[in-house]
Amino acid sequence: MESILELKNISKKYQAKQGEVLALQNINLRVKKGEFISIIGPSGCGKSTLLSIISGLEEKSTGEIYIEGKRIEKTSDEIGYMLQKDCLLEWRTIYSNSILGLEIKGKLSKTSQNYVEDLLRKYNLYEFKDKYPSELSGGMRQRAALIRTLAIKPKILLLDEAFSALDYQTRIMVTNDIYDILRKENITTIIVTHDISEAISMSDRVVVLTKRPGTVKDVHKIEFDIENRNPINCRESPKFSKYFNTLWKELRDDE
């Protein structure tokens, strides 16, 4: 299967008071359509910076990015980006939050509105469409934020610590819900996380970055012999602890 996303020799340098800082160095990665990739690594290794570069929100110093073989230099409609907080506007209803991206991009139409309503129905938020964010649980807010992102029909979704603001129990349930949604919609996903368990339970592959300057140290293929794979079932698999120990050791060795 051909890559939907390809990173070639991505590097990033910052100018700081103490001089030039190399944050990322020669990142190379290919991502297949429909794949779920997690990126982990020591704090400060440039994980979030890499997502910002892929999204076009931050400039790279060197390297090339391709989506379906086409080189991109700026932001792309093919990419959706979810940050750590849901960033829902408290004065807008869940429905009006869900169509915000479409409004900004000038793509709001009867067809796109119907698509948003279908997503809200499909993922159990339609009955809450006239509620405000403050009236929803953390998990429901996160689903609403995801629907807002999916409304623009991105081919690639970037998640930057998207579940870190949730409590542990809610986080596990939400990752299960989000995983199910992304699989059903066949969205290629890259998530940055500090949570090794989250990375293992959701991913097809886990990319491990070194400490700064961040570069790809290793890529681990994650395979579970589970008929109905989801993050909760993966956590119960005997393979889970083996993957965890391997990744934990890699991170500890790089401290």
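The largest pocket in this predicted model holds about 580 Å³ of space. A pocket here is an open set of points on a 1 Å grid over the protein atoms alone, where a 1.4 Å probe fits and protein lies on both sides within 12 Å along at least five of seven lines. Points are joined across faces, edges and corners, and the volume is the space filled by probe spheres set on them.

So who sits around it? Lining residues, meaning those with an atom within 4 Å of a point, number 20 in the largest pocket, and Ile 79, Gly 80, Tyr 81, Lys 105 and Ile 152 come closest to its centre. Strand S6 (79-82) gives the largest share, four residues, while helices H3 (100-104) and H5 (138-150) each supply at least two. Helices (H or I, at least four residues) and strands (E, at least two) are DSSP runs numbered from the N terminus. By type, the lining splits into 10 nonpolar, six polar and four charged residues; Ala, Val, Leu, Ile, Met, Phe, Trp, Tyr, Cys and Pro count as nonpolar, Asp, Glu, Lys and Arg as charged, and the others, Gly among them, as polar.

Now for the second largest pocket, at about 190 Å³. Its lining includes Ile 53, Ile 54, Glu 58, Glu 59, Lys 60 and Thr 62. Helix H1 (47-55) and strand S4 (62-67) are the elements giving two or more residues, with S4 providing the largest share, three. This lining has five charged, four nonpolar and three polar residues.

Residues are numbered from 1 along each chain as its sequence is written, and side-chain values use heavy atoms, without hydrogens or water. Local features need pLDDT of at least 70 and side-chain atom pairs count only at pLDDT 80 or more, but totals for chains, interfaces and linings use all residues.
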